[in-house]
Amino acid sequence: MRSSRLRLVAVSLAGIVVSGLALSGAVPASAASATPAPSASQAPADGRTLTLPAPRGRYATGVSTFRLVDDRRADPWTPGRSYRELMISVFHPAAHTGGRPFTHQFPAAVAAAFGPAVEQGDDLPAGLVDWSETRTHSVRDAATAPGRFPVVLYSPGAGDPRDWNVSLVEDLASRGYVVITVDHTGEAPATQFPDGHVVGNQPMLAAWAQAYRDGTTPAFFTKLMDARTADTRLVLDRMAGLPHRLTAAMDPHRIGMFGHSGGGFTAASTMYGDPRITAGIDMDGTLAYSSEPDGSNLSEVALHGLDRPFLLMGSSSADGGSDVRREPSWASFWRHQRGWKADVTLDDSVHASFTDAEALLPQLADRVPAATLAAAVGTVDPHRAVSANRALVSSFFDRFLKGRDDHLLDGGPSRYPISFVR
């Protein structure tokens with residue numbers, strides 16, 4: 001079992017403990033909670049505040065959030081709901097942000113549900129962190145900087161909220177991109193909407209438990225990925241309807257997409273059926289509808305590849321790292337990929353090294369055993385890991401959306417802790 005993307009976790013559901021797949025296909029350990037979603041008014045934990053690293057680009061950043069509704073598609077996880085609703089955040093290059101407060105990383109209800117799930121999944125002391133107090137480096141509804149910028153979509157890992165890669169998203173926005181992050185409602189422990197109502201993940205967890213008992217997990221994974229690709233197409237369809245202050249800065253002819261785990265699978269799958277996305281990145285996500293990476297139930301994109309540029313970014317853990325030599329779905333994609341391709345590994349990393357866990361959890365080193373942190377985010381130096389992820393993502397999109405090549409992805413000697421697979 002490749003623990004980097006398909007960790008086995010214990011999910012307690014209706015009094016029955018089942019073995020559940022995590023991350024690229026179903027429910028990550030960080031989200032393996034079947035408790036009811038808390039209300040937005042629930043008080044935060046009395047814990048320490050963690051700090052996200054500042055973006056390194058030339059622009060200040062702003063962020064706006066929006067609810068999107070698809071009246072033509074029933075919600076895949078909530079029986080009887082005849083519509084699909086999503087939350088997105090739009091991070092963008094901003095002007096005139098001085099003196100205005102930065103936003104919080106998580107809405108209140110998301111912090112109250114996802115933070116404890118992270119603590120449980122990574123064996124951290126409960127209540128050690130006040131997840132409601134972590135701030136971004138972006139100002140809400142800030143004026144957009146002059147210019148017309150490429151658009152990049154971000155899809156989180158299955159079971160994670162859209163806010164669990166703010167460090168990478170903000171850095172990309174600061175380098176001159178409009179970045180839209182997508183919540184796939186019903187997967188994360190909580191998605192909070194503007195009117196205050198909260199959608200949890202109990203129906204999805206129940207569906208996973210039933211599929212595991214029935215031996216129908218490939219069908220479950222297919223349903224999950226179909227919902228995600230439909231969500232992504234909805235965002236692409238609705239981009240033009242966002243406020244003019246944002247659309248005026250967005251170049252609809254230069255669109256990229258990246259994602260972590262199931263989000264990387266989502267990027268590849270959406271690109272396979274939608275030519276609007278020019279270039280994409282998969283950060284440590286399998287491309288198969290299987291409970292184990294054994295080469296079965298390969299997706300269409302794994303079987304046929306793409307005709308546009310695609311970057312594979314993998315982890316390196318000995319018991320579950322991913323690259324085209326060890327991950328069968330990646331190997332199939334690699335053989336059939338017709339567009340530009342590269343496979344780069346983040347040295348001494350694990351699955352969560354591509355998320356905000358890499359920037360945040362090491363700040364608990366004085367309270368958490370080194371072995372616990374290593375299991376959560378690997379042994380790579382966290383500052384170098386964050387820098388490497390930022391450099392790789394920006395280098396790729398600069399090359400294929402802006403026509404600027406710094407040659408980092410050529411695979412030569414690098415100051416980052418990365419290795420290229422040939």
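Analyst: A polar contact is a pair of N or O atoms within 3.5 Å; within protein, one must be able to donate a hydrogen and the other to accept it, and residues adjacent in sequence count only if both atoms are side-chain atoms. Helices (H or I, at least four residues) and strands (E, at least two) are DSSP runs, numbered from the N terminus. The model is predicted, so to speak: local features need pLDDT of at least 70, side-chain atom pairs count only at pLDDT 80 or more, and totals for chains, interfaces and linings use all residues. Residues are numbered from 1 along each chain as its sequence is written, and side-chain values use heavy atoms, with hydrogens and water left out.

User: Which residue caps the N-terminal end of α9?

Analyst: Look at helix α9, residues 328–336. The backbone nitrogen of Ser329 has a side-chain oxygen 2.8 Å away, and that oxygen belongs to the capping residue, Glu327.

User: Is Arg73 buried or exposed?

Analyst: Arg73 sits in the loop between β3 (60–70) and β4 (84–95). Buried means under 20% relative accessible area, exposed over 50%, partly exposed in between (1.4 Å probe, protein chains only). Arg73 has 16%, so the word for it is buried.
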